[in-house]
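Please look over the model below.

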Amino acid sequence: MAAGATVFLTSGAVLILEILALRLLAPYVGVTIETYTATIATVLAGISLGTWVGGRAADRLDPRRLLGPLLVVGGALALLSVPLVRQFGGGGGGSVVGLSLVGFFLPAAVLSAVTPTVVKLQLRDLGATGRVVGRLSALGTAGAIIGTYLAGFVLVEAVATSTSILAVGGALMVAGLGLWLWLGRGGVPAVVASVVLGMLAGAVAVRSAGPCHVETTYHCARVVEDRARPGGRVLLLDTLRHSYVDLDDPTHLEFAYARVFADVIATVAPAGPLRALHVGGGGFTLPRYLQAVRPGTSSTVLEIDAGLVRLVRDRLGLVTGPDLDVHVGDARLLLDSVASGSYDVVLGDAFGGLAVPWHLTTREFLEAVRARLGAGGVYLMNLIDYPPMRFARSEAATLGLMFDDVAVVAPPDVIAGRRGGNVVLVAGVGALDVARLASAIVARGGPEVVVSGPALADFVDGAPALSDDFAPVDQWLSRSRRG
């Protein structure tokens with residue numbers, strides 16, 4: 001019974017640490033497919049090495065002497081993962097692979113050595129080898145499954161990431177000390193060693209300050225004051241400056257892409273109050289801007305992160321009501337509850353790290369967006385891309401399949417592929433007045449140019465359209481940034 005429980009708990013702890021590693025790393029390396037890949041690969045490498053070395057050690061040493069110390073040391077290494085990641089990631093120079101290895105390779109390896117050690121203890125009859133190994137493997141897998149669900153569905157939302165990791169590490173150390181004493185290989189030295197090691201690792205972990213003001217289900221979120229503007233606040237999500245809000249002047253748009261959005265709305269949307277649908281809320285800069293410049297405008301915001309909405313209410317003065325309605329959930333799914341033909345403008349400004357979530361880029365999603373626009377409606381989409389602009393070109397191609405008219409707005413050197421930056425895509429149900437839009441940008445003194453017609457075809461240059469079956473957005477951005 002105790003053997004199975006030990007394998008179950010340690011395997012669950014490894015998978016809990018793997019899920020929480022993604023959250024701990026996010027403020028330093030963002031949330032991309034590379035973050036998931038590096039973390040999963042690191043933990044798998046630790047499991048592989050740990051089971052191999054643990055099996056060899058159990059054959060050469062008394063497994064009763066190994067089991068308790070393995071849990072104690074594994075727990076201490078879990079505790080230390082928090083300060084190690086914060087120390088090496090805080091300078092901004094750490095790679096996702098490097099941070100994953102520093103924080104989570106050793107805990108995974110040491111804890112994974114527990115299973116072959118327990119197998120050695122349980123193998124008293126070679127005729128029962130299959131039954132013993134099969135039972136313990138099944139219990140280990142079950143523990144890993146429960147740990148995955150517990151971390152992803154409960155801990156991430158209920159408790160700060162660092163607190164969860166500290167709790168897991170502390171529990172492992174306590175369990176390890178208990179086994180050390182119970183198996184008769186501990187005594188006073190084991191107690192003293194475990195307590196000292198636990199106190200040292202815990203103290204270092206607790207004293208390491210994290211960068212987050214709030215850990216939401218999806219983000220490490222911070223609000224930073226702008227010293228140049230008394231009311232200016234910057235919302236940072238993980239590694240990205242996500243939104244800028246002026247608490248005193250909702251018409252102030254700090255970010256260039258937001259000013260382009262305003263130009264488009266002023267020139268191609270009907271005069272007077274608007275019916276606006278926002279895919280992504282962030283700091284709710286644009287809904288508040290529309291309320292200020294077009295009184296009577298009604299905005300519906302689809303925001304996946306309930307914790308972010310609470311933060312914006314508490315720190316950025318968001319007030320919701322009949323004219324600013326927030327729906328919490330994935331925008332792709334929430335669109336089904338939005339009436340067709342209801343909106344004058346849809347604003348796409350959703351990001352997971354630097355990338356727009358891939359399922360919000362495809363023709364299937366855009367088909368649903370178009371259905372929500374009324375006659376003459378406009379869809380605006382903000383994205384970030386880098387040379388050779390594969391994502392921007394493919395997204396423009398995809399929009400061209402779904403809408404009557406499409407334009408790309410960005411600075412000339414971004415359009416030419418000489419540097420990366422924000423790109424605003426504009427798609428219309430009906431023709432766009434691109435000449436008027438270009439004049440508005442010039443009148444504002446903006447550096448952006450409007451690309452449409454034959455010039456847009458040159459920009460797209462045969463790029464493939466995106467679909468639910470093909471949308472490697474994260475991969476394109478990661479490679480472009482490295483290149």
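What volume does the largest cavity have? The largest cavity has a volume of about 140 Å³. Keep in mind that this is a predicted model.

## Cavities

There are three cavities of 30 Å³ or more. The largest cavity is lined by 18 residues, and Ser243, Tyr257, Thr285, Leu286 and Asp349 are the closest to its centre. Strand β4 (240–246), helix α9 (256–268) and helix α10 each supply at least two residues of that lining. By class, the lining of the largest cavity has nine nonpolar, seven polar and two charged residues.

The second largest cavity holds about 70 Å³ of space. Its lining includes Arg23, Leu24, Pro27 and Tyr28, along with Arg86 and Thr161. Pro211, Cys212, Glu215 and Cys220 also line the second largest cavity. Which element gives the most to this lining? Helix α1 does, with four residues. The lining of the second largest cavity divides into six nonpolar, one polar and three charged residues.

## Pockets

Now for the pockets. The largest pocket has a volume of about 1,000 Å³. It is lined by 43 residues. Nearest its centre lie Val31, Tyr36, Tyr218, Gly352 and Pro357. The lining of the largest pocket holds 23 nonpolar, 14 polar and six charged residues.

The second largest pocket has a volume of about 390 Å³. Of its 17 lining residues, Val29, Thr32, Glu34, Leu354 and Arg481 lie nearest the centre. Elements α1, α2 and α18 give two or more residues to this lining. Which element gives the most? Helix α18 does, with five residues. By class, the lining of the second largest pocket has seven nonpolar, six polar and four charged residues.

## Helix α1 against helix α4

Two packed helices are described by the angle between their axes and the distance between the axes. Take α1 (residues 2–29) and α4 (residues 96–112). Their axes come within 10 Å and cross at roughly 170°. Angles over 145 degrees count as roughly antiparallel, so α1 and α4 are roughly antiparallel to each other. The crossing of α1 and α4 is right-handed.

Which residues meet? On the α1 side they are Thr10, Val14, Leu17, Ala21, Leu24, Leu25, Tyr28 and Val29. On the α4 side they are Val96, Leu99, Ser100, Phe104, Pro107, Ala108, Leu111 and Ser112. This contact has 13 nonpolar residues, three polar and no charged.

## Helix α2 against helix α5

Helix α2 packs against α5 (residues 114–122) at an angle of about 35°, with the axes 7 Å apart. The crossing of α2 and α5 is right-handed. Thr51, Gly54, Gly55, Ala58 and Asp59 of α2 make the contact with Pro116, Thr117 and Lys120 of α5. The residues of the contact of α2 with α5 divide into two nonpolar, four polar and two charged.

## Two backbone exceptions

Most residues other than glycine have a negative phi, and most peptide bonds are trans. Phe284 sits in the loop between β5 (275–279) and α10 (285–293).

Pro388 lies in the loop between β9 (373–385) and α14 (390–402).

Technical notes: Residues are numbered from 1 along each chain as its sequence is written. This is a predicted model: local features need pLDDT of at least 70, side-chain atom pairs count only at pLDDT 80 or more; totals for chains, interfaces and linings use all residues. Side-chain values use heavy atoms; hydrogens and water are left out. Axes are lines fitted to C-alpha atoms, for helices over the stretch in contact, and angles run from 0 to 180 degrees between N-to-C directions. Angles under 35 degrees count as roughly parallel, over 145 as roughly antiparallel, 65 to 115 as roughly perpendicular and the rest as oblique. A crossing is left-handed if the near helix is turned anticlockwise from the far one by less than a right angle, and right-handed if clockwise. Contact means heavy atoms within 4.5 Å. Ala, Val, Leu, Ile, Met, Phe, Trp, Tyr, Cys and Pro count as nonpolar, Asp, Glu, Lys and Arg as charged, and the others, Gly among them, as polar. On a 1 Å grid over the protein atoms alone, a cavity is a set of points where a 1.4 Å probe fits but cannot get out, and a pocket is an open set with protein on both sides within 12 Å along at least five of seven lines; lining residues have an atom within 4 Å of a point. Grid points are joined across faces, edges and corners, and a volume is the space filled by probe spheres set on the points.
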